[in-house]
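Time to open the notebook and look around this one. I'll jot down what I look up as I go.

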Amino acid sequence: FSVESIKDAAPLPLTSLKMDSTLKTALPKINILGPDDAGYDEERMRCWNKDVIHRPAAIVQPTTTEEVSQAVKVASSKKLDLVIACGRHGHDCMKEGAMVLDLGKMTEVTVDKKSMTVTVGGGARLGDMDKVCQQHGVACVTGTNPDTGVVGLSTHGGAGYLSRQYGLAADNFVAAEVVTASGAIVHATPANEHKDLLWAVAGGGSNFGVITALTMKAHPMDHVYGGLVINVAPTVAMATRVVRTWRDWMPTQPRTVSVMCVLPCGAPVVPMAVVESDQALVPQAAGAKASLSCSPALQQAFGSGCGAFGACVSVKMLGRKQYHTELQPQLEAMQAEGHHYMSSVNVPHLTDTMVDALVAAARIDHPGGGEIILFSLTGAVADAKVESVAYAGAGRGKSTVWIVIIGSWKPDADGANRAKTKAWVQRVKEEMKALGGAESAHPLEGNMDADQGGLVQQVWSSNELRLREIKAKYDPDNFFKCNRNIKPTAAA
């Protein structure tokens, strides 16, 4: 391998169909797919969000960190438009005319019970992690869809069922192996000379390099109690009451309790994803039985014969579940691949006015498909100081709620369905921001239709300056820019 053989040539046009042959010459040991290759279309179509599928100039599939380093050196020397594909949920994973660095073959997961850590490859998905972690009786803080990439989710904060107990995924980073823009392979830990890099990737996304391995804290986890509760609330007033009651109840509960609230477009219900993860409260013995009474908090909320949180009736699909194989996949069918347009916002407190606007958006003025998800970032998430990691999260307040707005549609000839859905998502987000919400670092933000650079200060708040300084240290030319881009500070 030699970068020198090609680095003096002029940069390739981003849409050039010759990019794949150039890369194949420079990287002969790495599988590379170009537009004329068998398997190219199949690979580029394997994305969760069908709205972000385009025609990249080449899909490069390394299997080792060294191969990633070689690929980055070539791309950097040729000034190619490089994007990273891990779980393939990200906005730019199959960008038009780009060189896609597909980490999908780097999915190894290892558990170290002695140090209580889990290390995942850059392309591992939540399902890969759960499968291995189950064998060891541990879990990491992750999201709620097994198809999601661990690294992509975690480096943008990462919230899931265990967040109120153990913080965000980004709060649990122990080490990261990162290939920087120069192709250097850097091992970052809290105790070595690259501790600033570990701090930065814990919320700063893909701005600093390609993460080929991520080590996170592991926590004991086997059986939990939970599932789904469908709260029937046919009127706007009743749905509003359910959300407001949930909002007031959630921050006061034990940290082992997590209840996610959903407003599906046009449906007369307020579903909730529920879990009690206290390993002492939930019977762990093989074949053990459990009822709602094992969790005093859930018993209080869902134990009466009436509807929970003010609903007229609640359909409870709750029980003792194995965390990795039963709880984690429970939303997979509802989070299926398709055409989606997404955005999100963090609010320091979900006010009555915000609730009114969200319920109206989901019940009255909606595009037909989609949902608004309300996730309580309280408990351990609020313990961490804003400066502890790069993730800012609307100030880490004691009652912060993460609002994810998802619009979904069936494609039509003139794109009217997409346009209507996009307008709805953007309108809901702007309403929340006008009422005091803050930008989030969500990796599918607005499907990145336009440059998001002007919003960086809102995303990272007081951490922005330090992030820009670290960016200047590891990526001074802003090579990694297909993201919520953090621009490096100018040289003194």
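First thing to look up: is Phe309 buried or exposed? I find Phe309 buried, at 8% relative accessibility. The words go like this: buried is under 20% relative accessible area, exposed is over 50%, and partly exposed is in between, with a 1.4 Å probe and protein chains only.

Ground rules before I go on. This is a predicted model, so local features need pLDDT of at least 70 and side-chain atom pairs count only at pLDDT 80 or more, while totals for chains, interfaces and linings use all residues. Residues are numbered from 1 along each chain as its sequence is written, and side-chain values use heavy atoms, with hydrogens and water left out.

**Entry: aromatic rings**

I searched the whole structure and got four aromatic pairs. Rings of Phe, Tyr and Trp (its six-membered ring) pair if their centres lie within 6.5 Å; planes under 30 degrees apart are stacked, over 60 edge-to-face, and the rest tilted. One of the pairs is Trp249 with Phe309, edge-to-face, with 5.2 Å between centres and 70 degrees between planes. I noted that this pair links distant parts of the chain: Trp249 belongs to helix H9 (residues 236–249), while Phe309 is in the loop between helix H10 (296–302) and strand S15 (313–322), 60 residues apart. Helices (H or I, at least four residues) and strands (E, at least two) are DSSP runs, numbered from the N terminus. Trp249 is buried too, at 10% relative accessible area. With Phe302, Trp249 and Phe309 make one aromatic cluster.

Phe479 and Phe480 are another edge-to-face pair, 5.1 Å centre to centre and 70 degrees between planes. Both Phe479 and Phe480 are buried.

I also spotted the charged end of Arg466 over the ring of Trp199, 4.0 Å from its centre. That label needs NZ of Lys or CZ of Arg within 6 Å of the ring centre and within 35 degrees of the ring normal.

**Entry: the four-strand sheet**

What is the strand order in the open sheet of four strands? I read S1-S2-S4-S3, with mixed pairing. Two strands pair if DSSP finds at least two bridges between them. Strands S1 (31–33) and S3 (82–85) are the edges, each pairing on one side only. S3 runs parallel to strand S4 (residues 99–102) over four bridges, and Ala85 has Asp102 as its bridge partner in S4. Helix H4 (residues 65–77) packs on this sheet and touches S2, S3 and S4, its direction at about 165 degrees to that of S4. Contact means heavy atoms within 4.5 Å; axes are lines fitted to C-alpha atoms (for helices, over the stretch in contact), with angles from 0 to 180 degrees between N-to-C directions.

**Entry: the five-strand sheet**

I then followed an open antiparallel sheet in the order S5-S6-S10-S8-S9. Strand S5 (109–112) and strand S9 (185–188) each have a single partner strand, so one side of each has no neighbour in the sheet. Strand S8 (residues 173–179) joins S9 through four bridges, and Val178 is opposite Val186 in S9.

**Entry: cores**

Which residues have the most contacts inside the largest nonpolar core? Val118 and Val120 do, in a core of 66 residues. Such a core is a set of buried Ala, Val, Leu, Ile, Met, Phe, Trp, Tyr and Cys residues joined through side-chain atoms within 4.5 Å. Helix H8 gives the most to this core, six residues. A second, separate core has 49 residues, including Val274 and Val425.
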